[in-house]
Amino acid sequence: MVIGAVALVAWQWPAAPGDMPRGPLLQAAEQRQVLRVGVRSYPRPTLGQEALVAEPDELDSQLAEALGSYLGLKVQLQALPDMTNLNDGSVDLVIAGSLKLPVTADRVASLRKLPVQYREGALIGLRNAPRRPIQGQSVCIAVGSPWAQTLTQQGAELRTYVSSIRAAVAFMAGECNLLAEERNSLQALAQAPDWRFYTLLPQTLKASSDVRVYLSRTDKQSRALINAALHDWQARGGQTRAWDVRSNALLVDSLKIGDGLVCH
């Protein structure tokens with residue numbers, strides 16, 4: 001009977017992320033019934049006279065809402081222009097794509113592997129420019145991009161912008177030789193009339209990482225729960241859907257700029 005009992009325990013399914021024990025950080029969020037999450041935020045293309053309103057990055061906000069669902073909590077998104085809020089107690093978590101923040105590893109939850117269906121990064125450049133190695137070339141890229149590390153290792157000179165649309169506008173203004181972004185997004189942009197002078201390059205950019213969640217303090221149990229939620233979100237296709245939403249938003253923003261709206 002004892003052997004049978006041991007076998008039963010061994011074959012039990014692991015607890016769902018939402019059923020795992022909360023540490024002090026998430027216990028406090030439960031008490032207030034709100035999960036406070038800092039995310040990348042930036043204004044979108046608008047008419048020049050309109051007031052600037054920062055809107056959250058789609059990838060960050062999609063993940064934040066997913067984490068709230070696992071925990072059964074409402075999510076309050078906060079714009080983090082310089083990411084300093086991580087240590088001032090105003091947020092519980094920070095999500096900023098693949099951006100590396102100067103915190104200890106025990107405050108970081110991340111995916112151990114990239115998803116099987118991850119759509120690789122790519123580069124776009126002037127159609128008639130001579131082809132040469134990435135090393136030494138300037139590349140416009142969004143903050144938190146999963147391809148930044150790969151480009152740095154290849155010797156590129158990165159010029160980082162607050163968002164993908166700002167990076168795209170800077171590239172079209174001649175501030176960089178190349179633009180780095182998710183491949184499907186660049187393929188869609190290349191079909192637009194305003195992008196007829198540019199072409200997708202043959203290089204493929206491998207993502208060095210994708211999605212980190214930073215805890216506002218060290219909390220082993222809360223970190224374990226968020227790690228489990230991250231992997232479940234990925235396995236259920238949440239990460240792929242989030243990239244779809246983000247890529248579509250980039251194309252829409254680009255079309256708005258083509259129609260004369262201003263990217264502040």
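**Ground rules.** The model is predicted, and local features need pLDDT of at least 70, side-chain atom pairs count only at pLDDT 80 or more, while totals for chains, interfaces and linings use all residues. Residues are numbered from 1 along each chain as its sequence is written, and side-chain values use heavy atoms, with hydrogens and water left out.

**The whole chain.** The protein chain holds eight helices and twelve strands. Here, helices (H or I, at least four residues) and strands (E, at least two) are DSSP runs, numbered from the N terminus. Of the 264 residues, 49% are buried; buried means under 20% relative accessible area, exposed means over 50%, and partly exposed is in between (1.4 Å probe, protein chains only). The chain exposes about 13400 Å², with carbon and sulfur atoms supplying 55% of that. Those areas come from the Shrake-Rupley method with a 1.4 Å probe, and for residues only the protein chains shown count as cover. As for contacts (heavy atoms within 4.5 Å), take those with a separation of 6 or more: 75% of them link residues 24 or more positions apart.

Let's start with the open sheet that runs β4-β1-β5-β12-β6, five strands with mixed pairing. Two strands pair if DSSP finds at least two bridges between them. β4 (74-79) and β6 (108-110) are at the edges with a single partner strand each, so one side of each has no neighbour in the sheet. Ignoring direction, neighbouring strands are turned by 30 degrees against each other on average. Axes are lines fitted to C-alpha atoms, for helices over the stretch in contact, and angles run from 0 to 180 degrees between N-to-C directions.

Inside this sheet, β5 (residues 93-95) and β12 (residues 212-215) pair in the antiparallel sense over three bridges. I95 has V213 as its bridge partner in β12. Two helices pack on the sheet. Helix α2 (residues 24-32) touches β1 (34-39), β5 and β12, and makes about 115 degrees with β1. Helix α7 (residues 220-235) touches β5, β6 and β12, and makes about 20 degrees with β6.

How do the two helices meet each other? α2 and α7 pack at an angle of about 80 degrees, with their axes 6 Å apart. That makes α2 roughly perpendicular to α7, a label used for 65 to 115 degrees (under 35 is roughly parallel, over 145 roughly antiparallel and the rest oblique). P24, L25 and L26 in α2 meet S222, L225 and I226 in α7. The residues of this contact divide into five nonpolar, one polar and no charged. In that count Ala, Val, Leu, Ile, Met, Phe, Trp, Tyr, Cys and Pro are nonpolar, Asp, Glu, Lys and Arg are charged, and the others, Gly among them, are polar.

I226 is buried, with a relative accessible area of 2%. Leaving aside neighbours within four places in sequence, I226 is in contact with L26, L67, L93, A109, V213 and L215. I226 and L26 are 200 residues apart along the chain, yet their C-alpha atoms are separated by 9.7 Å.

Between α2 and β1 there is a loop that holds Q33. Q33 has a positive phi, near 65 degrees, and is a residue other than glycine. Its 46% relative accessibility counts as partly exposed.

| Strands | Sense | Bridges | Opposite residues |
|---|---|---|---|
| β8 and β10 | parallel | two bridges | V139 and L178 |
| β8 and β9 | parallel | five bridges | S138 and E157 |

Five of the five residues in β8 are buried. S138, C140 and A142 point one way, and V139 and I141 the other way.

In α5 (residues 164-172), S164, I165, A167, A168, A170 and F171 are buried. Just after α5, G174 takes a positive phi of about 90 degrees.
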